[in-house]
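Morning, everyone. Please have the model open in your viewer.

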Amino acid sequence: MKAMILAAGLGKRMRPLTDHCPKPLLPVAGKPLIVHHLERLKRAGIDEVVINVSYRAEQIMAALGDGSAFQLRIHWSLEKTPLETGGGIQKALPLLGEAPFLLVNGDVWCDYTPPASRLKGNDLAHLVLVDNPSHHPSGDFGLINGRVAPASHTRLTFAGISLLHPDLLADQPPGEFALAPLLKHAMTSNLVSGEHFSGHWVDVGTPERLNDLEHYLLAAQ
């Protein structure tokens, strides 16, 4: 299975830290945030990773190269302007191939990688959901008997980690578009499974949460 890391965002919420450094390269516990992802993917048995880049793309590509330093092979998907989540994935599909792949948001930290076996049958996606953080108390989706629903009395937060089948995006025209509406449409057809992960997860979206993650990782060493 291949993996894709979403790393094309502008990092606006992380300013001023991202004025001169792209968010994937922000250091946390002695290494760039994206390197934590690469190391975890390698430990999970993944050897090929697609990374989409746009803002300060040259810096990211120069820092990571072809991936050999991490015992991985990195394929780069360069976007002249960010294409949002859906558009970025669709542009990268030729690099990802026709099999399901693991998708990871570049601005989260989590010590869990779902195995490929979680995506079963005709499902188009399998989502990792977590408890709602204080900055997102209303959550995103419901989880009922292993199936993800767009609406529910009890909702969890999408962790930014999922297994996707390329067919989820196959009929979309090229360009900028979001992934969430496609996921919600698939949910209405009962084609999205999910799981509740209760371990450590961080949406590294602000300098404060980056600092909190730094303290957590250093304490765990």
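Which residues lie nearest the centre of the largest pocket? Leu6, Arg13, Thr85, Asn105 and Asp107 do. One note before I go on: this is a predicted model.

Let's stay with that pocket. The volume of the largest pocket is about 1,000 Å³. Its lining counts 37 residues. By class, that lining splits into 16 nonpolar, ten polar and eleven charged residues. Where do they sit along the chain? Four elements each supply at least two lining residues: helix 3, spanning 84–96, strand 11 at 157–164, helix 4 at 180–188, and strand 13 at 201–203.

Next, the second largest pocket. Here the volume is about 170 Å³. The lining includes Val130, Asp131, Pro133, Ser134 and His135. Also in the lining are Phe197, Ser198, Gly199, Trp201, Val202, Asp203 and Arg209. Strand 13 gives the largest share, three residues.

Rolling a probe the size of a water molecule over the atoms shows where empty space is left. How many cavities of 30 Å³ or more does the structure hold? One. The space in the largest cavity is about 90 Å³. Its lining is His37, Arg40, Leu41, Leu102, Val104, Val108, Cys110, Tyr112, Thr113 and Ile161. Seven of these are nonpolar, two are polar and one is charged. Helix 1 at 33–43, strand 6 at 101–105 and strand 7 at 108–110 each supply at least two of the lining residues. Which of them gives the most? Helix 1, with three residues.

So what about helix 1 itself? Eight of its eleven residues are buried, so helix 1 is largely enclosed by the rest of the structure. The buried set is Leu33, Ile34, Val35, His36, His37, Leu38, Arg40 and Leu41. Look again at His37, Arg40 and Leu41: these buried residues also line the largest cavity. After helix 1 comes Gly45, with a positive phi near 90 degrees.

On to the strands. Strand 4, residues 48–53, pairs with strand 5, residues 73–78, in the parallel sense, over six bridges. The chain gets from strand 4 to strand 5 by way of helix 2, residues 57–64, and this β-α-β crossover is right-handed. For a landmark, find Ile51, opposite Trp76 in strand 5.

What does strand 8 pair with? With strand 11 it runs antiparallel, joined by five bridges. There, Val130 has Thr157 as its bridge partner. With strand 12, residues 192–196, strand 8 pairs in the parallel sense, again over five bridges. Val128 is bridged to Glu195 in strand 12.

Definitions and conventions:
Residues numbered from 1 in each chain as written. Predicted model: local features only at pLDDT ≥ 70, side-chain atom pairs only at ≥ 80, totals over all residues. Heavy atoms only, no water. 1 Å grid on protein atoms, 1.4 Å probe; cavity = no way out; pocket = protein on both sides within 12 Å on 5 of 7 lines; lining within 4 Å. Points joined across faces, edges and corners; volume = space filled by probe spheres on them. Nonpolar A, V, L, I, M, F, W, Y, C, P; charged D, E, K, R; others polar. Pairing = 2+ DSSP bridges. Right-handed = clockwise from strand over helix to strand, strands pointing away. Buried < 20%, exposed > 50% of the residue type's maximum accessible area, 1.4 Å probe, protein only.
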